[in-house]
Amino acid sequence: MTRAQRLRRLPIAMRMLVSALILVVLVLPIAGALLSWNFREAVNTAFNERLESLLNVVIAGVSYDLRQDALVSNRQLGDSRFDRVFSGWYWQVGDEGERVLTSRSLWDQRLAISHEPGMTFRTVTGPRNKQLRLLERDIRLPNLDDVLHVQIAADLGEIEAQIARFQTLLWLSLATLGGLLIGLIGLQIRWGLAPLRRIEQSLKAVEQGQKPSVETDLPRELARLAEAINTVLERDQRLIERGRTATGNLAHALKTPVAVLNTLAERLPEDQQAAVRAELKRLDEAVRHHLARASAAGPVALGAEQRVATVLEPVIEGVRRLAGRRNIVFQSDLQQEFRVRIDAQDLQEMVGNLLENAINWAKSSIRLTGSIEEGWLVLSVSDDGPGMSREMRQEALSRGGRLDEARSGSGLGLAIVTELTALHGGELRLDDNSEGGLRAEVVLPLTNLRSGA
């Protein structure tokens, strides 16, 4: 089977679940990436705005003392991290010369000065090799001619840690959401396809003969489908019954002309009677053979489950009386728990033909047994007659083979049994009997068998 064929036969539930999984796998990561990017941008923007606010506070608190020729600051930023040495949060005010004023946290270190005009953000390496976000601006004080460079810097590690925590929480949340979505979609698919499973179960019940039609108490779309199936089943059943009725009528219609021809053959001269009777016999057997095949083409799939011993009881009783009149011992060993889904008439036809052949060829005894072999129901009919050679058995079982060409009176029954067993998915096996004679076995497949009373 090719890959394309396997994909075409993929179950509907699997198709829908795989589609949902692909959708979740594609959408959630994209959504997560967009959320992560937006969060990073928001955090960076808020961080930059905070630095700008702190820079304005530093600028507002800086002044120049003429007597000391030094820069002084008369405002606190309200953040203790500017007082802890190498905390990662620093500010610095200075010119190109010796006038420099810094936060306590910067200690004896200095921030690099950039000469870019206006307010600029840049990333620099600060004390202890920490990556810092630095905001710088040039100002002039009223009583000082030199340009002052005002800088404020903060540790980028805090932003990265905050973003990392958000991303961890985000991806855990998205993974949980994806799992919940897949589970809920699976439940939705199961609930949505429940009517299809009901149709399947209903069809199996019809196939096994437990219901006459498919259930129609379904959603609107599937109810119309079930009604269409029921219409087809009813039409097929009518056609089958009509065909079987016509077959029976034809059989009865042919009996009388054949009987009349047999009577008229008696009036013919002796040398002509044998030839006419032989042709009439061939005609009678051919009619019986093809009528049996036609009548067997019944509703196999709709056959009800049958108890084998109960169905075969009238056949067994009839054979027992016939065997008694011929001084033949007949033994039957069928367990009551054997059940098979098959048309009762077909089962009687198969076993009845085998028993009839066995009586015709048996010397003193015949036997009917039933058993289960690896899930197959095996009905065995054995006799102590002359049996058949391997070539004769192969000829009898071959397609279109007619054993009666070699042994008159046995080929028609075996041909009918072969047709019926093949129709029901089984086979007819012929073998030597352990006590001499022939053993014929009808084997029905597991799909037609259910053990248990």
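Q: Rings of Phe, Tyr and Trp (its six-membered ring) pair if their centres lie within 6.5 Å; planes under 30 degrees apart count as stacked, over 60 as edge-to-face and the rest as tilted. Which residues do ring pairs link into a cluster?
A: Phe47, Phe82 and Trp89. The model is predicted: local features need pLDDT of at least 70, side-chain atom pairs count only at pLDDT 80 or more, and totals for chains, interfaces and linings use all residues. Residues are numbered from 1 along each chain as its sequence is written, and side-chain values use heavy atoms, with hydrogens and water left out.

Q: How many aromatic pairs does the search of the whole structure find, and why is the pair of Phe39 and Phe166 called what it is?
A: There are 3 aromatic pairs. The ring centres of Phe39 and Phe166 are 3.8 Å apart and the planes meet at 15 degrees, so this pair is stacked. Phe39 belongs to helix α2 and Phe166 to helix α3 (residues 156-192), so the pair ties together parts 127 residues apart in sequence. Helices (H or I, at least four residues) and strands (E, at least two) are DSSP runs, numbered from the N terminus.

Q: What kind of aromatic pair do Phe47 and Trp89 form?
A: Edge-to-face: the centres are 5.8 Å apart and there are 70 degrees between the planes. Phe47 lies in helix α2 and Trp89 in the loop between β2 (70-73) and β3, so the pair ties together parts that are 42 residues apart in sequence. Phe47 is buried at a relative accessible area of 9%. Trp89 is buried at 0%.

Q: How do you know what Arg81 does at the ring of Trp89?
A: A charge sits over a ring if NZ of Lys or CZ of Arg is within 6 Å of the ring centre and within 35 degrees of the ring normal. Arg81 lies over the face of Trp89, 4.0 Å from the ring centre.

Q: Why is strand β3 (residues 90-94) described as largely enclosed?
A: The count decides it: 5 of the 5 residues of β3 are buried, so the rest of the structure largely encloses this strand. Tyr90, Gln92 and Gly94 point one way, Trp91 and Val93 the other, and all are buried. In a regular strand, side chains alternate between the two faces of the sheet.

Q: What makes β3 a partner of β7 (residues 148-155) and of β4 (residues 100-102)?
A: Two strands pair if DSSP finds at least two bridges between them. β3 and β7 have 5 bridges, in the antiparallel sense. β3 and β4 have 3 and also run antiparallel. Gln92 stands opposite Gln151 in β7 and has Thr102 as its bridge partner in β4. β3 and β4 form a hairpin with 5 residues between them.

Q: How many bridges pair β5 (residues 120-125) with β6 (residues 131-139), and which turn residue has a positive phi?
A: There are 6 bridges, in the antiparallel sense. Phe121 has Leu135 as its bridge partner in β6. β5 and β6 form a hairpin with 5 residues between them, and Arg128 in the turn has a positive phi of about 60 degrees.

Key:
Buried < 20%, exposed > 50% of the residue type's maximum accessible area, 1.4 Å probe, protein only.
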